[in-house]
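Subject: Structure for your files, with notes

Hello,

Please find the structure below. My notes on it follow.

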Amino acid sequence: MEKFVYIALFAPLVSSLFAALFGMSPKKTFVGVIASLLLATSFVASAILAAYVVQTGHGIHVTMMDWISAGDLAIPFGFVVDHVSVTMMVVVTLVSTVVHIYSIGYMDHDKSFNRFFSYLSAFVFSMLVLVMSDNFAGLFIGWEGVGVCSWLLIGFWYHKKDESPEVNPSISPSWAANEAFIVNRIADLAMLVGIFVLYWNTGSLQYDVVFAALPYLDESVLTLAAIALFIGAMGKSAQFPLHTWLTDAMEGPTPVSALIHAATMVTAGVFLVIRANPLYSMPEVSEVSFFIAALGTFVAFFAASMALVNRDLKRIIAYSTLSQLGYMFAAAGLGAYWIALFHLAAHAFFKALLFLGAGNVMHAMHDELDIFKMGGLKKVMRGTYLYMGIASIALAGIPPLAGFFSKDAIIETAFNEGTLFLWAMLVVTAGMTAFYSFRQVFLTFDGDERYKEFDIHPHEMYKFVLVAMSPLALLAIIAGFFQGAFQEFVTSSPLMPDYVMSEHTHHLAIYLGILVLIFAVGGIVLAWKKYGNGLKRDEKCENSFIYQLLKNQYYIPQFYAEFISKPYYLLSHIMWKSVDMKIIDASVDAIAYLFFKGGDQTRKMQTGNLSNYLNWMAVGLVLMLLVAAVTALIA
Amino acid sequence: MIGLSHYLILSGLLFAIGFVGVIRRRNLLMLFFATEIMLNSANIAFAAASYYYHDLTGQMFAFFIIAVAASEVAVGLGLLIVLYKKFGTLDLDDLASMKG
Amino acid sequence: MYEQIAFYLFSVLTIGLFLVTVLSKNILYAMTSLAAGMVLISGFFFMLGADFLGVVQLIVYVGAVMALYAFAMMFFDATRDIKEKTTNDALVFFLGGMVALMLVIIFAAPVFSENIQAMYPVVEGVGNAQAVGLVLFTKYLVPFEVAAVMLLVAMIAGIILAGKKMDHSLTTNDDKVISQEDTK
């Protein structure tokens, strides 16, 4: 079985290196085909591993080689394939494979076709390292690796100019890439602190050793580690207040948004919390866990509210991703780790599908993303309409699609824990989710054909792309039915605590589900009433304070720009002018000047007369003898 | 009684004389003579140490120093002759061709 | 008693002769006094029981080296007094004195602290030449051979340096003229 571990892990790396060979050459379709095949290989290997873990009930632990061994510190390159990581592996490799195939079609006209596949496969490799590592150091390497790949891919069209918001509502990809990278850097610092704290107090970074040592640690240490690791997770999963980068990251190519900013990388934070569940389950850190749940609930509501009014197709989906990540954190924070993982997997399928559908629309509309300029596309894009419809129904949580089961379980958990306020917010958010999902679908595919005004001739995506998307659509429909089996499978792991609803909740479950459903259907009906028959703009509503607030993302980007970026820029300017130029540069220049002048002055010594040299040598000899004698006397 | 220190002081004095010669004279040939004096002063010190410690190592070193001195004279005089042919003088003040 | 007389006598003479060497304006005087000083130094070697070294000193220094100097002198104008600027005498003598003092202190220090042990003690019952031979051809064989090669190299170098263009007039100082004559 070990070889499947290595195949699953290294096939994407091989794919990346292979594509990198052609990085600078013009488009070669076979690069994309081979990359997709290698990713499919990785998926098959992951599936075999998953079957093995299901059958035997225990994971595989391999140590490839020693990585760092210095003194007491020993960090191997070890990989563990257990119930949690194999779930992630299957999800990641499946979505990646679909996205790779999709990209062959989507990036068809891009001149950097080969480079794109190199980055994309490198991302998958990093993500697999992240989920498969058996220690925090390896996790961190993967964590940084996906960060770098994300930076590369968001900034893939780095040559696009940075235009002012009036000319182009979107921002430049390189700016977005830097924003994502820098925001993540802030969070990663905290994560690194958390890892150091754990290492300092347990003497190891291996998961099993660290988790075994947890009961013997102080409360303050546990709290610090839990908070620091969660801040790291907040950065990667774009939780408030580090959420701004995710929507800006939509500047990257759409397959990237589907793979990285919906299905895999942004869920790494959730994965970290699930992976470190022994830490977050400690009674000493229950406040931190509750904070996670509360923050997740808040983000779910907060992001959904911004999605209500946005006009950018991809940004709406990005907000919904944020919102769903909030759901996952709510579940994880409340201790329902397997539910969080289940929602993670289900969400990966339908959200990737949604993004890829959005990509099709974008492709058809020649990179136009404003849904107010679309409408009536269902006539020309029947396949995409179907897929996006399925994904939106799943997202809205209509049974029997995947989203209903996973999201309902989370809402039920919130009820079960007695946190009724969180529960209420999550229920309302479910209604909002349904509304914005269908607002987007109706505005894009139904109603009057507004695109005709802009002289755009949409066309359907290639057939093979639509076929490649079908596994995701299938899973978005049926994944929910495996809830019970999934629970049984994942919670059989010793590292994964089970979570079952109390009797009381169990009795009420059906009513709770119906309540959520009423909200969801209500949202859809509202969306249909407002947008089903074409766009009717309501000036009064659009000028209202709340609408403007939501449209401007609660003015948070402006706030950051005004109160963080600008002061920082000013400070940097001052540091440059006064510290760098006047102190550091000046001192370096002074040293150089000293030597220059000294050399200029002492050049006179160089008379060319051997006798003078001998005199100088004699002086030197005397001095050295003096030093020798003095040191000998002192010693 | 003559002890090792007598010889060391003598050796030091002779070395100082040679040293003064090296830094005071401007004629290359005189510099060579002074160098010989310094080498010989070292030889005396070695021989004396050898005698007072009943150890032949000192004599061995003196022996090798003599060998080195002989080689130095052979090569050095050859160079001096070439220099004299080229410049017509051995005075260091006139040979200052490496002025920086 | 004789030892003391001999030591002081030789010391005074050696120092005096070497001072003449260093301070004399005439090269011939300098060389003659240097040769005499060398002879006296061999006297020290005999006093110190280093018979073989003393003999080598006489042969190599007084015999070979001095003869070499004497022959080399023929190339130079030796009869004329040397005219040279002298550097600051006070500085020169101060530096010389300091060096002498330092060296004596540094080398005498281990002597007085009695930190020295014989590595190759003198073999009892044999003459100095024999003892030297024993050590030289066992412990110091490789340096000895290296020294032999070095002397050979020096000899060849001396011959080539001094012997080249021997047939040219010494008054011809111009390289171009010499090389032109070479090519003829």
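In chain A, α6(A) and α8(A) are roughly antiparallel to each other, since their packing angle of about 150° falls in the range over 145 degrees that counts as such. The model is a predicted one, and that applies to everything in this message.

**The α6/α8 pair in chain A**

Helix α6 covers residues 173-202 and helix α8 residues 219-236, and their axes lie 7 Å apart. The crossing in which α6(A) passes α8(A) is left-handed. On the α6(A) side the residues that meet α8(A) include A:Val183, A:Ile186, A:Ala187, A:Ala190, A:Gly194 and A:Val197. Among their counterparts in α8(A) are A:Leu224, A:Ala225, A:Ala228, A:Ile231 and A:Gly232. By class, this contact has 15 nonpolar, 5 polar and 2 charged residues.

The loop between α8 and α9 (244-248) of chain A holds A:Pro241.

**The α15/α20 pair in chain A**

From α15(A), the residues A:Trp338, A:Leu341 and A:Phe342 take part, and they meet A:Gln483, A:Phe486, A:Gln487, A:Val490 and A:Thr491 in α20(A). The contact divides into 5 nonpolar and 3 polar residues, with no charged ones.

Two residues in chain A deserve a look for their phi values. A:Gln553 sits in the loop between α23 (545-551) and α24 (556-602), and A:Tyr555 lies in the loop between α23 and α24 as well. A:Gln553 is not a glycine, yet its phi is positive, at about 55°. For A:Tyr555, also a residue other than glycine, phi is positive and near 60°.

Which of these is buried and which is exposed? A:Gln553 has 21 C-beta neighbours inside 10 Å and therefore counts as buried, the threshold being 20 or more. A:Tyr555 has 12 other C-beta atoms within 10 Å, so this residue is exposed.

**Chain A overall**

Chain A has 25 helices and 2 strands. Of its 635 residues, 50% are buried. Among contacts in chain A with a separation of 6 or more, 82% are between residues 24 or more positions apart.

Chain C has 7 helices and 0 strands, and its elements run α-α-α-α-α-α-α from the N terminus on. Buried residues make up 24% of the 184 residues of chain C. For contacts in chain C with a separation of 6 or more, residues 24 or more positions apart account for 46%.

Towards chain A, 9 residues of chain C are in contact with 11 residues of chain A. The side of chain C that touches chain A divides into 8 nonpolar residues and 1 polar residue, with no charged ones.

**The interface between chains B and C**

Between chains B and C, 65 residues of chain B are in contact with 71 residues of chain C. On the chain B side, α1 (4-24), α2 (28-53) and α3 (57-87) each supply at least two residues. The most comes from α3(B), with 23 residues. By class, the side of chain B that touches chain C has 43 nonpolar, 13 polar and 9 charged residues.

**Helix α2 of chain B**

How many of the 26 residues of α2(B) are buried? The count is 21, so this helix is largely enclosed by the rest of the structure. Its length can be checked as well: at 1.5 Å a residue, the 26 residues of α2(B) should span 38 Å, and the end C-alpha atoms are 38 Å apart, which agrees. After α2(B) comes B:His54, whose phi is positive and near 55°.

Regards

Technical notes:
Residues numbered from 1 in each chain as written. Chains lettered and ligands numbered in written order. Predicted model: local features only at pLDDT ≥ 70, side-chain atom pairs only at ≥ 80, totals over all residues. Contact = placed C-beta atoms within 7 Å. Helix = DSSP H or I, 4+ residues; strand = E, 2+ residues; numbered from the N terminus. Nonpolar A, V, L, I, M, F, W, Y, C, P; charged D, E, K, R; others polar. Expected span 1.5 Å × (residues − 1). Axes fitted to C-alpha atoms, helices over the stretch in contact; angles between N-to-C directions. Parallel < 35°, antiparallel > 145°, perpendicular 65-115°, else oblique. Left-handed = near helix turned anticlockwise from the far one by under 90°.
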